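Please look over the chain and its fold before reading on. The report below takes the sheet, the helix, a loop residue and a ring pair in turn.

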Amino acid sequence: MSTAIIDYGASNILSVIRALKYLRKQYCVISEYSKLKDDSLLIIPGVGNFSSASKNLYKGGFNKLK
């Protein structure tokens, strides 16, 4: 299983990356749904402004997730 961090331009992903490095976990950073693998564990970092975050997730095609 691979781990993917979504970079949607409205969060600070650095703390998530540091945590995964500390845990010695492999990961990739993606900004488009098309880069997501079928077996991915998906991490969506938190954000203070949900409106801009949801717009950026939609632009990246992540609205296709079911």
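## The sheet

In what order do the 3 strands of the open sheet stand? The order is β2-β1-β3, and the pairing is parallel. Helices (H or I, at least four residues) and strands (E, at least two) are DSSP runs, numbered from the N terminus. Two strands pair if DSSP finds at least two bridges between them. β2 (28–30) and β3 (41–43) are the edge strands. Each has a single partner strand, so one side of each lacks a neighbour in the sheet. On average, neighbouring strands are turned by 30° against each other, direction ignored.

This is a predicted model: local features need pLDDT of at least 70, side-chain atom pairs count only at pLDDT 80 or more, and totals for chains, interfaces and linings use all residues. Residues are numbered from 1 along each chain as its sequence is written, and side-chain values use heavy atoms, with hydrogens and water left out.

Strand β1 covers residues 3–6. β1 pairs with β3 in the parallel sense over 3 bridges. Ala4 stands opposite Leu42 in β3.

Thr3 also belongs to β1. Thr3 is buried, at 13% relative accessible area. Buried means under 20%, exposed over 50%, and partly exposed in between (1.4 Å probe, protein chains only). Leaving aside residues up to four places away in sequence, Thr3 touches Leu20, Gln26, Tyr27, Cys28, Leu41 and Ile43. Contact here means heavy atoms within 4.5 Å.

Helix α1 (residues 14–22) lies across β1, β2 and β3. α1 runs at about 165° to β1. Axes are lines fitted to C-alpha atoms, for helices over the stretch in contact, and angles run from 0 to 180 degrees between N-to-C directions.

## Arg24 in the loop

Arg24 sits in the loop between α1 and β2. Its phi is positive, about 60°, although Arg24 is not a glycine. Most residues other than glycine have a negative phi. Arg24 is exposed, with 77% relative accessibility.

## The aromatic pair

How many aromatic pairs does a search of the whole structure find? The search finds 1. The rings of Tyr33 and Phe62 have centres 6.4 Å apart and planes at 85°, so the pair is edge-to-face. Rings of Phe, Tyr and Trp (its six-membered ring) pair if their centres lie within 6.5 Å; planes under 30 degrees apart count as stacked, over 60 as edge-to-face and the rest as tilted.

The pair links distant parts of the chain, 29 residues apart. Tyr33 is in the loop between β2 and β3, and Phe62 is in the segment after α2 (50–59). Tyr33 is partly exposed at 28%, whereas Phe62 is buried at 7%.
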